[in-house]
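I opened this notebook to keep track of what I looked up, one topic at a time. My plan was to begin with the whole chain and then go to single residues.

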Amino acid sequence: MTELVLASASPARHSLLVNAGVVPQVVVSTVDEEALADALGPLGPEDLCLELARAKARDVAGRFSSSHDVVVIGCDSVLDVDGVAFGKPASPEEAKERWLRDMAGRHGTLRTGHWLIRPGSGEELGEVASTVVWHASLTEREIDAYVASGEPLRVAGGFTLDGLGGPFVERIDGDPSNVIGLSLPLLRRLLARMGVTWTDLWSSP
């Protein structure tokens, strides 16, 4: 039976899949995201997250032979604010500045690149999921407390929907699972294009 391989160390992506009935094999990519982004040159947020997702998926897929019945999924998320891609803040100072200048009381688009590879056939395909996120108008005290928690430094965009940052998201337009880490509806559609039925991936009780 086909097995899904998650090319990511993200606990949020893993939890999304497990809660949806799919327990993936986790094989973490060794791609240096910052170095690759620099090498790619100037790209828009959509192109950037898709290229990074493709690189991660290819890195992990190369560890499987054609005899393995697996589909590798690589993902990369960025927050698109006015055409600028924001990944994980590099420091608490950057996280605070980002919230003050670009996020509090404003909206951005969380974009996640998804890239699937089936080593057995060599088939590859990918797509970007986009969800608009409206952030609350936070006080500086709230921002300081949130940054001090450390959570913004661990996630793309510097916020979460399913953690401490949840109360700071006023509303979203689109798929909530995409904001958490990967778009489950998009993943189901991409797998179907590879001939894999989502419910066949469900783990046995």
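The entries below follow that plan.

**Entry 1: ground rules.** I noted that this is a predicted model, in which local features need pLDDT of at least 70, side-chain atom pairs count only at pLDDT 80 or more, and totals for chains, interfaces and linings use all residues. I also noted that residues are numbered from 1 along each chain as its sequence is written, and that side-chain values use heavy atoms, with hydrogens and water left out.

**Entry 2: the whole chain.** I looked up the elements and found seven helices and seven strands in the protein chain, where helices (H or I, at least four residues) and strands (E, at least two) are DSSP runs numbered from the N terminus. Their order along the sequence reads β-α-β-α-α-β-β-α-β-β-α-β-α-α. The radius of gyration is 17 Å, close to the 17 Å from the globule rule for 205 residues, so the chain is as compact as a globular protein of that length; the radius is taken over C-alpha atoms, and the rule is 2.2 Å times the number of residues to the power 0.38. Along the principal axes, the C-alpha atoms fill a box of roughly 55 × 40 × 25 Å.

I then checked burial, and 46% of the 205 residues count as buried, which here means under 20% relative accessible area, while exposed means over 50% and partly exposed lies in between (1.4 Å probe, protein chains only). For contacts (heavy atoms within 4.5 Å), I found that among those between residues at least 6 apart in sequence, 69% join residues at least 24 apart.

**Entry 3: the cores.** Which residues touch the most other members of the largest nonpolar core? Of its 21 residues, they are Leu4, Leu17, Leu116, Leu182, Leu187, Leu191 and Trp198. A nonpolar core is a set of buried Ala, Val, Leu, Ile, Met, Phe, Trp, Tyr and Cys residues joined through side-chain atoms within 4.5 Å. Two or more residues come from each of strand S1 (3–6), helix H1 (11–19), strand S3 (70–81), strand S6 (123–135) and helix H7 (184–193), and H7 gives the largest share, five residues. Apart from this core lies another, of 17 residues, among them Ala95, Trp99, Ile143 and Tyr146. I wrote beside this that nonpolar side chains tend to be buried together in soluble globular proteins.

Entry 4: Is Ser177 buried or exposed? At 8% relative accessibility, Ser177 counts as buried, and it is found in helix H6 (residues 176–180). Beyond its neighbours within four places in sequence, Ser177 is in contact with Leu16, Leu182, Ser183, Leu184 and Pro185.

Leu36, in helix H2 (residues 33–40), is partly exposed with a relative accessible area of 22%. With neighbours within four places set aside, Leu36 is in contact with Val31, Leu52 and Ala55, and its C-alpha lies 9.1 Å from that of Glu51, which is 15 residues apart from it in sequence.

Val155 sits in the loop between helix H5 (140–148) and strand S7 (169–173), and Val155 is partly exposed, with a relative accessible area of 22%. Not counting residues up to four places away, Val155 touches Gly87, Lys88, Pro89 and Thr160.
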